[in-house]
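Please go through the briefing below with the sequence and the model side by side. The points are grouped by topic.

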Amino acid sequence: MRCPYCGSLDDRVIESRTMANGETIRRRRECLSCGYRFTSFERVDEKPFMVVKRDGRRQPFDSSKLSKGIERALEKRPVSASRIEALVNEIEDEAIMHGKTTREISTTELGELVLSKLHELDKVAYIRFASVYRHFEDLNEFISEINRFGGGKE
């Protein structure tokens with residue numbers, strides 16, 4: 001690390017201390033050329049996980065938006081808040097694993113992931129989410145989605 005006093009690149013670390021829940025390391029250094037002591041900070045520079053919109057725009061993944069959509073679909077359904085939180089965490093983990101190499105996921109892939117989890121959890125919430133996500137235009141599209149559950153008998 002370049003000494004801020006003399007510009008030399010020769011230094012030694014005198015002390016290291018972990019800070020901010022292990023996300024940052026503070027290092028006290030001493031320049032071997034002039035003896036000047038200075039502090040440096042080290043942290044992982046991680047590329048944010050992105051969501052690719054249908055029109056190609058990219059925006060950072062926001063778990064609160066995911067949570068709001070799921071909560072809206074599960075409104076007045078017999079599902080506890082802790083189960084909803086666990087569901088959001090499951091979906092977020094799967095989305096990140098899905099986009100592990102590219103650090104991004106499309107809204108289509110994310111929506112299908114939410115639909116599959118809601119289908120397992122609550123059929124009414126699934127239909128609510130699908131009606132918004134798939135942009136049902138008329139009653140026939142809505143009915144055909146319900147019939148996918150086995151002739152509308154559920």
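How many bridges join strand 2 to strand 3, and do these strands run parallel or antiparallel? Seven bridges join strand 2 to strand 3, and the two run antiparallel; strands here (E, at least two residues) and helices (H or I, at least four) are DSSP runs numbered from the N terminus. This is a predicted model, in which local features need pLDDT of at least 70 and side-chain atom pairs count only at pLDDT 80 or more, while totals for chains, interfaces and linings use all residues. Residues are numbered from 1 along each chain as its sequence is written, and side-chain values use heavy atoms, with hydrogens and water left out.

**Overall make-up and confidence**

- The protein has five helices and six strands, and from the N terminus on its elements run β-β-β-β-β-α-α-β-α-α-α.
- The average pLDDT, which is the predictor's confidence in each residue from 0 to 100, is 86 for the protein, and 90% of the residues score at least 70.
- Confidence is highest in strand 2, at a mean of 94, and lowest in helix 5 (residues 139-147), at a mean of 70.

- An open sheet of three strands has the order 1-2-3 with antiparallel pairing, where two strands pair if DSSP finds at least two bridges between them.
- Strand 1 (11-19) and strand 3 (37-43) stand at the edges, each with a single partner strand, so one side of each is left without a neighbour in the sheet.
- Strand 1 is joined to strand 2 by eight bridges, and these two strands run antiparallel.
- Arg29 in strand 2 is the bridge partner of Val13, and Arg29 also stands opposite Phe38 in strand 3.
- In the hairpin of strand 2 and strand 3, which has five residues between the strands, Gly35 takes a positive phi near 85°.

- Thr24 lies in strand 2 (residues 24-31) and counts as buried because its relative accessibility is 13%.
- Not counting residues up to four places away in sequence, Thr24 touches Arg17, Thr18, Met19, Phe41, Glu42 and Arg43, a contact being heavy atoms within 4.5 Å.
- Arg27, also placed in strand 2, is buried with a relative accessible area of 17%.
- Leaving aside neighbours within four places in sequence, Arg27 is in contact with residues including Val13, Glu15, Phe38 and Glu42.
- The side chains of Arg27 and Glu42 are joined by a polar contact of 3.0 Å, that is, a pair of N or O atoms within 3.5 Å of which, within protein, one must be able to donate a hydrogen and the other to accept it, with residues adjacent in sequence counting only if both atoms are side-chain atoms.
- Arg27 and Phe41 are 14 residues apart in sequence, and their C-alpha atoms are 6.2 Å apart in space.

**Cysteines**

- A search of the whole structure finds zero disulfides, a disulfide being a pair of cysteine sulfur atoms within 2.5 Å.
- Cys6 is in no disulfide, and its nearest cysteine sulfur, that of Cys31, is 3.6 Å away; Cys6 counts as partly exposed, at 39% relative accessibility.
- The sulfur of Cys34 is 3.7 Å from the closest cysteine sulfur, in Cys31, which is too far for a bond, and Cys34 is partly exposed with a relative accessible area of 36%.

How values were computed. Buried < 20%, exposed > 50% of the residue type's maximum accessible area, 1.4 Å probe, protein only.
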